[in-house]
Amino acid sequence: MGLWQSYRLRWKRRRWLWRARQRGRELRSLRDRTASIRPGQILLFCCLRNELVRLPWFLDYYRNLGVSQFLIVDNGSEDGSAEYLCAQEDVSVWHTTASYRGAHYGVDWINDLLRRYGTGHWCLTVDPDEFLVYPFSDSRPLKALTDWLEASGTRAFPAMLLDMYPKGPITAQPYRAGTDPLTIACWFDSGNYTFRRNPDLGNLWIQGGPRSRAFFADNPAKAPALNKIPLVRWRRGYAYISSTHMMLPRGLNLTYDRSGGEIISGCLLHPKFLDTLTTKAEEETQRGQHFAAGAEYRAYLEGLRAQPDLWTRWSEHYINWRQLEILGLMSKGNWT
């Protein structure tokens, strides 16, 4: 990387950090339990709106993996999400009714909380419909992974977003709060993915899967990105710049081996396609607060009117992380 590019990215990072401080003023604390954060604890950061039905399983899933504290931004929920979160002993909650789009789709708010509370911790940043699986996640807690990453000098852990869906129309099996959404949305595409390198920031850009083939078939380049860097040993001065798709400093994005080998990685299981999606798509299409004024949710809403079955004869039924490794969707690298 040349001197000019290095200088430009340094100033870009400073602008993002400045934005985070400014937008962080929009957050009002509803329940602050950050005084109980202890050194070595794994923290989870999340921004959400109207996700009450998903929260019980989401919180329990990550508690069982070893997350100690949850730091959550509630963006004007009207379904009781904020009240439910405030009642949880390991959750700190900030509320805002400010523009999600104006905060760069919540990134500014999360960057501010990461700056204030994440420094020195392994921080996991996910949405309430994203469930991290990693090598040996069925037998080793998240701290075993972070200890190994730290010992090997690794600062960031990548994960491919893997869209999960049911067999048959998504409205056929109602989802109930507190149940595992993967018992319904238990299928995924094992192929149909494209990978390219972002020449500016160095991250991989991944697209494809069921959302690409079912909702963006006419323009797959507009399909959502599936590359994520959800787990980072946070330091003051780090910043996400596009959800968790990419970061600054630039070196945090180089989470793959360019010499042909394999570096450890995981998957974020993404059971988005539940019966709750139609209501969510209607709400977000009307609000227009997501990327491109909610174009992604408009595509979902139009596609869901036909009651599509995302399942095909090439769909894979999810078993465990070892299956994903065999299929080349994640890697344990040299962690044994």
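Where is the place of Pro249? Pro249 sits in the loop between strand E13 (246–248) and strand E14 (266–270). Here helices (H or I, at least four residues) and strands (E, at least two) are DSSP runs, numbered from the N terminus. The model is predicted, so local features need pLDDT of at least 70 and side-chain atom pairs count only at pLDDT 80 or more, while totals for chains, interfaces and linings use all residues. Residues are numbered from 1 along each chain as its sequence is written, and side-chain values use heavy atoms, with hydrogens and water left out.

The peptide bond that leads from Leu248 to Pro249 is cis, with omega near 5°. As a guide to reading such values, most residues other than glycine have a negative phi, and most peptide bonds are trans. Asn192 is not a glycine, yet its phi is positive, at about 65°. This residue, Asn192, belongs to the loop between strand E8 (187–189) and strand E9 (193–197). With 43% relative accessibility, Asn192 counts as partly exposed; in these terms, buried means under 20% relative accessible area, exposed over 50%, and partly exposed in between (1.4 Å probe, protein chains only). Ser243 also has a positive phi, near 50°, and is placed in the loop between strand E12 (239–242) and E13. Ser243 is partly exposed because its relative accessible area is 31%.

Asn198, in the loop between E9 and E10, is buried, with a relative accessible area of 17%. Setting aside neighbours within four places in sequence, Asn198 is in contact with Asn203 and Met246, where contact means heavy atoms within 4.5 Å.

Attention now turns to strand E4. All 5 of the 5 residues of E4 (residues 91–95) are buried, so this strand is largely enclosed by the rest of the structure. Val91, Val93 and His95 point one way from E4, whereas Ser92 and Trp94 point the other way. Strands pair if DSSP finds at least two bridges between them. Strand E1 (residues 28–31) is joined to E4 by 3 bridges, and the two run antiparallel; Arg28 has His95 as its bridge partner in E4. Strand E3 (residues 69–74) runs parallel to E4 and is joined to it by 5 bridges, with Phe70 opposite Val91. From E3 the chain passes through helix H3 (residues 81–86) to E4, and this β-α-β crossover is right-handed: with the strands pointing away from the viewer, the path from the first strand over the helix to the second runs clockwise.

Leu145, in helix H5 (residues 142–151), is buried, with a relative accessible area of 0%. Not counting residues up to four places away in sequence, Leu145 touches Tyr134, Phe157, Leu231, Ile264 and Trp335. Leu145 and Phe45 are 100 residues apart in sequence and, C-alpha to C-alpha, 18 Å apart in space.
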